[in-house]
There are 2 protein chains.
Amino acid sequence: MAKLLFIAKEKAPGESRVAGSPDTVKKLVAAGLEVVVEADAGSQSRIPDAEFEKAGATIGTAADAARADVVLKVRRPDAEEAAGYKSGAIVIAIMDPYGHNDLIADLGSKGLTTFAMELMPRITRAQSMDVLSSQANLAGYQAVIDAAAAFDRAMPMMMTAAGTVPAAKVFVMGAGVAGLQAIATAKRLGAAVSATDVRPASKEQVASLGGKFIAVEDEEFKAAETAGGYAKEMSKEYQAKQAALVADHIAKQDIVITTALIPGRPAPRLVTADMIASMRPGSILVDLAVERGGNVEGAVAGEVVDKNGVRIIGYNNVPGRIAASASLLYAKNLLTFLQTMIKDGDIAINFDDELVKATALTHGGKVIHPNFGGGTPAP
Amino acid sequence: MAKLLFIAKEKAPGESRVAGSPDTVKKLVAAGLEVVVEADAGSQSRIPDAEFEKAGATIGTAADAARADVVLKVRRPDAEEAAGYKSGAIVIAIMDPYGHNDLIADLGSKGLTTFAMELMPRITRAQSMDVLSSQANLAGYQAVIDAAAAFDRAMPMMMTAAGTVPAAKVFVMGAGVAGLQAIATAKRLGAAVSATDVRPASKEQVASLGGKFIAVEDEEFKAAETAGGYAKEMSKEYQAKQAALVADHIAKQDIVITTALIPGRPAPRLVTADMIASMRPGSILVDLAVERGGNVEGAVAGEVVDKNGVRIIGYNNVPGRIAASASLLYAKNLLTFLQTMIKDGDIAINFDDELVKATALTHGGKVIHPNFGGGTPAP
């Protein structure tokens, strides 16, 4: 009998994404699996049930999860959902395990084999499974769109018969995947874009997108810049000079977008209340790290905060604000990972595979990931 | 004694613009006028009172309007405001006179000399006074930003490790000032842009911005295209063929932006309920003509209407959504017009000037504009 794969409708409020697409369903069916999609699962990602059906899925209810050998989700299942899965089922999602060792242990004790997609190693082979990249890329795009929609001026310079509207000044803090896409999108819209990052080596990437890199370019910086990649931490003296430069720069910006996240730790504070007070009324900050404590002092998750006319946008789940695109890419990330386990319609997990080692949280009734209470913690 | 010019704080709900800027105040003061700005007038356009003061204005209250020789506003004063102005005062605003002959007559009977900026003739000399252009340009920009913010996918094509996000298909109906800026902005964001207009000659403008012109290009079209400018009306047969082509095209679009306005008449209906029903859920329509009855069937002024997952955005006062830029340009339009009347710190209206003839509604206690009940109607 074919293995049954279940794609759940997300229950978390505000979660508009779905863990499958017509494209991935078609490929899973072709690989020999029976696919059941919970009714209405894709409705907020612009995928009607009929399109999943056309791709070869059956439309079911939440109760069908009980028969599933594999459950695909966006978010970690809550206790009620997990109680409905059969022992031995594989559950793949963005598990958000940091700080939730107890919840992960619960999933283990139910006999579930769970995988956290966000722990995928950043190696070439796993690039197409990298949910942090696929979702951060869209979040960086949407951050600029959200800023532009709230902003009370045009982004591009406009030369009109009635005078010139100056280009908006956009400053992106953190030049990872989200930051680079934010730079690219703000440039597209015609803004004057600058960016910074703790890695001097990112200067070249920022410049290649047309952004100006903001850094104290002393001898220490130049040495670190050519070292490439994740350079050693800069000296305290350098950090102080850089902080002063950034503070001075922020006072002149119209829009600041912050994107700095450190896995498993609270987001670093990049923008202080004093810096916000230095900005002109009408300016906009977008804090993409707000769900992790925020890069911006005073940012509130799920809210737009007004500080003397400067607004701090702290939307939750920014990839979910662009759900149709986010779901397509997330579904593809899941599919590519699953394909490493599917053979002749059956599913076999190779616990020696580095992808499995990095992402498997629970198996055989217990937590197996060393970072979340399983075995020996990684050194 | 210097002439007193008063810049009012707008009372209309949702009107965030202001009829002056630090730049225009400075020039008015330099021209010998005394300038009073109502407190808080610029607060929604990012101009604090202090900036007006620094430019040479005094900050006053609504009561100061009673002393004013010239009142600058964004919107037509209501009865209460007008009652506060002295007889003989000049009032310049976007007067919205069509269909409001009685209200215009009231302003006349109060002894006010009123000018409607939106009636400025479209001649080279008056280009820098053209409020329809300056505001429509920003509305066209903001329409795309509003659409992108509501849209559940990315606008540009994105080639990622997890697959390709296709470019959004944006269709702009009406290639006037707003339409052309909408085309340009959607192109900036990386969308696949098409446009149409009743004037075949606009094909070249659309193409020059990178848009695809949607038209039945038969012999009749080609003849009209080369005729240039406002061509004669196309045949009924042509119109029917074109309507069928457009209906077919709309069914394939992600975003449709409509911009068709006819001065003094209701907006033409461009998109029917059937066409909306043909669009995929998640698609977006933005109706920039919604305050004039709407180009889109079912659009509601001031609301976002959902029709089976297709949303129709009908925001009021779209230039006011980008108030800081809109106010700067509008203030400049007013200044340039006023400068034609100011001489040695005094104000003299030349009623033979074609700009005055086109825009003056009331003077000497009565309506003088032929189109709104004054003198002989224009033929």
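Which helix and strands of chain A do the buried residues of H4(A) pack against? In this predicted model, local features need pLDDT of at least 70 and side-chain atom pairs count only at pLDDT 80 or more, while totals for chains, interfaces and linings use all residues. Residues are numbered from 1 along each chain as its sequence is written, chains are lettered from A and ligands numbered from 1 in the order in which they are written, and side-chain values use heavy atoms, leaving out hydrogens and water.

Helix H4 of chain A spans residues 101-109, and its buried residues are Ile104(A), Leu107(A) and Gly108(A) (buried means under 20% relative accessible area, exposed over 50%, with a 1.4 Å probe and protein chains only). These residues lie on the same side of H4(A), because they cover an arc of only 100° around the axis, taken from the directions from the helix axis to the C-beta atoms. They pack against helix H3 (79-83), strand E6 (113-116), strand E18 (360-363) and strand E19 (366-367) of chain A; contact means heavy atoms within 4.5 Å, and helices (H or I, at least four residues) and strands (E, at least two) are DSSP runs, numbered from the N terminus. Turned away from the buried side, the other face carries the exposed Asp102(A) and Ser109(A). Just after H4(A) comes Gly111(A), with a positive phi of about 85°.

Over in chain B, helix H1 (residues 22-30) packs with helix H11 (residues 323-339) at an angle of about 15°, their axes 9 Å apart. H1(B) is therefore roughly parallel to H11(B), a term for angles under 35 degrees; axes are lines fitted to C-alpha atoms over the stretch in contact, and angles run from 0 to 180 degrees between N-to-C directions. H1(B) contributes Asp23(B), Thr24(B), Lys27(B) and Leu28(B) to the contact, and H11(B) contributes Ala331(B), Lys332(B), Leu335(B), Leu338(B) and Gln339(B).

Methods: Parallel < 35°, antiparallel > 145°, perpendicular 65-115°, else oblique.
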